[in-house]
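Please read it alongside the sequence and coordinates shown here.

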Amino acid sequence: MDPNKLNHTPPTGESKLIKTRPNTGGLARRPQVRPKTEGWTQLTNPDGRPTLQFASPRVKQPATHLADMTLEEREAKVVEMGLPKFRAKQLSVHYFEHRTTSPEEMTDLPKGRREELAEAFFPPLLSEVKKLVTDDGNTVKFLWRLFDGALVESVLMRYPGRITLCVSSQCGCGMNCPFCATGQAGLTRNMSTAEILDQVVQANRFIAEGGLGHKRRAGNGAEPERVNNIVFMGMGEPLANYKRVMNAVRRMVAPSPEGLGMSARGITVSTVGLAPAIRKLADEDIPVTFALSLHAPDDKLRDELIPVNSRWKVDEVLDAAYAYYEKTGRRVSIEYALIKDMNDHAWRADLLADRLNQRGRGWVHVNPIPLNPTPGSIWTSSTKEVTREFVDRLNAAGVVTTLRDTRGKEIDGACGQLVATEQDRADAEAFATS
Ligand code: SAH
């Protein structure tokens, strides 16, 4: 008998919490599928715990770019080059507002120095490998190659009233979550502050050039539309690249010409649950939206689904998330990818509601999202009925819960999928020519 198919009995301590809830009829007794890697192996420490990569093996970063620097540092650099301070502001406007790094377009700079300035401030960061656009033109996925050949993705999405960019913060990821395409290749290196920001600038340029479909035209005094929502839900674990990610966030919210002048509320930092870093984030005094990828309310399952749970358990990350809410007054998001027969049981919805309500009311909302599936594997999204019941049970318990839509399925919308395909292609080519 396949042990994955055994009926699951919730651990005793947890079952007590839900005793009073109504039985769910036929939906209640469903199998318990356990997470496992498919096609790759999770490395473990001698103590049997999964190996996680917090430090990046490749440490070389790209040359310092304007976006890596504060305005003061930019000014110091132009002065060092024998130019007046105000040139730093002009360069910053060119990059953040005109979205250009090409010297020919910088006509307000002294002609004889343009090349040299562009070279000093704008080393090449992201070059486009591929761009995939959905049929309706509202979702665009970019695959970028970085200076050292590393590949990362970002996804641009138009919603009614807002434009969201999903950015990457690391090349690969060291957190090894078995359902995530990025988790399977390991961590190559941290992205620099400027590499993170350049994803936004490149997306803004693409929008200004009309790539995302013209909903509003620039001209007659109207500025082109731009990204006004950023989610750190691309490749990587943002809190494992804490300093560079926070510098990127600071520059996103800094007014022009220091930065992009965005609202912190429009920026979501999503984490797998590095509890100490969550507490540090709460102390930053930048009111970003905070999202926690929980995916399971019980340690037994979360230990396998989110390997970092071997370091910081469900209660610890929920305490840290609650502390974030207390400190900032910002409502926390809980991400929950619904995976068929793995984490989508009614008792888990109830347990999640209990664990959240134990800490308080109104401090959190839950965002279940159908898993972006891997065909023919255990990683399949929940059925519609199960999804509905999961959402309803949370709402009935007073936890605001909204199902997130999946975008860009037709273009491998889930993070890391495109890089994985590109890597396979490159590997196949290397194999063919060897
Ligand atoms: N490391 C961060 C951000 C990366 S991914 C984090 O873990 O939060 C952003 C979200 O996408 C996370 O909630 C992640 O668990 C989720 N995710 C990864 N692979 C997915 C898949 N195949 N289907 C649905 N969500 C997925």
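1. Gly210 comes after helix α5 and has a positive phi, near 90 degrees. Helices here are DSSP runs of H or I of at least four residues, strands are runs of E of at least two, and both are numbered from the N terminus. The model is predicted, so local features require pLDDT of at least 70 and side-chain atom pairs count only at pLDDT 80 or more, whereas totals for chains, interfaces and linings use all residues. Residues are numbered from 1 along each chain as its sequence is written, and side-chain values use heavy atoms, with hydrogens and water left out.

2. Helix α5 itself has 16 residues, which at 1.5 Å a residue should span 22 Å; the end C-alpha atoms are 23 Å apart, in agreement. The expected span is 1.5 Å times one less than the number of residues. Of the 16 residues of α5, 14 are buried, where buried means under 20% relative accessible area, exposed over 50%, and partly exposed in between (1.4 Å probe, protein chains only).

3. On the whole chain: the protein has twelve helices and twelve strands. Of its 434 residues, 55% count as buried. The accessible surface is about 19,100 Å², and carbon and sulfur atoms account for 51% of it; such areas come from the Shrake-Rupley method with a 1.4 Å probe, and for residues only the protein chains shown count as cover. Among contacts (heavy atoms within 4.5 Å) between residues at least 6 apart in sequence, 70% join residues at least 24 apart.

4. Helix α6 (residues 242-253) passes the same kind of length check: its twelve residues should span 16 Å at 1.5 Å a residue, and its end C-alpha atoms lie 17 Å apart, which agrees. Its buried residues are Tyr242, Val245, Met246, Ala248, Val249, Arg251 and Met252. As background, an α-helix has 3.6 residues a turn, so residues three or four places apart point the same way. The cover over the buried residues of α6 includes α2 (71-80), α3 (86-97), α5 (193-208), β7 (229-232), β8 (267-271) and α7 (275-282).

5. Which residues come nearest to the ligand? Among the 16 residues around the ligand they are Glu237, Ser270, Ser293, His295 and Asn372, a residue being near when one of its heavy atoms lies within 4 Å. The shell divides into seven nonpolar, seven polar and two charged residues. In this scheme Ala, Val, Leu, Ile, Met, Phe, Trp, Tyr, Cys and Pro are nonpolar, Asp, Glu, Lys and Arg are charged, and the others, Gly among them, are polar.

6. Oxygen atoms of the ligand lie 2.6 Å from a polar side-chain atom of Ser270, 2.5 Å from a side-chain N or O atom of Ser293 and 2.6 Å from a polar side-chain atom of His295. The ligand taken alone exposes 540 Å², and the protein buries 90% of that.

7. Glu335, in strand β10, is buried at 7% relative accessibility. The side chain of Glu335 makes a polar contact of 3.3 Å with the side chain of Ser293. A polar contact is a pair of N or O atoms within 3.5 Å; within protein, one must be able to donate a hydrogen and the other to accept it, and residues adjacent in sequence count only if both atoms are side-chain atoms. Leaving aside neighbours within four places in sequence, the contacts of Glu335 include Ser270, Ser293 and His295.

8. Most residues other than glycine have a negative phi, and most peptide bonds are trans. His295, in the loop between β9 and α8 (299-305), has a positive phi of about 65 degrees and is buried, with a relative accessible area of 7%. Asp285, in the loop between α7 and β9 (289-293), has a positive phi near 65 degrees but is exposed, with a relative accessible area of 73%. The peptide bond from Ser256 to Pro257 is cis, with omega near 5 degrees, and Pro257 lies in the loop between α6 and β8.

9. Two further loop residues are buried. Cys177, between β5 (170-172) and β6 (187-190), has a relative accessible area of 9%. Not counting residues up to four places away in sequence, Cys177 touches Trp40, Gly183, Val272, Leu305, Ile306 and Pro307. Asp341, between β10 (332-338) and α10 (346-357), has a relative accessible area of 11%. With neighbours within four places in sequence set aside, Asp341 is in contact with Arg30, Pro31, Gln32 and Val33.
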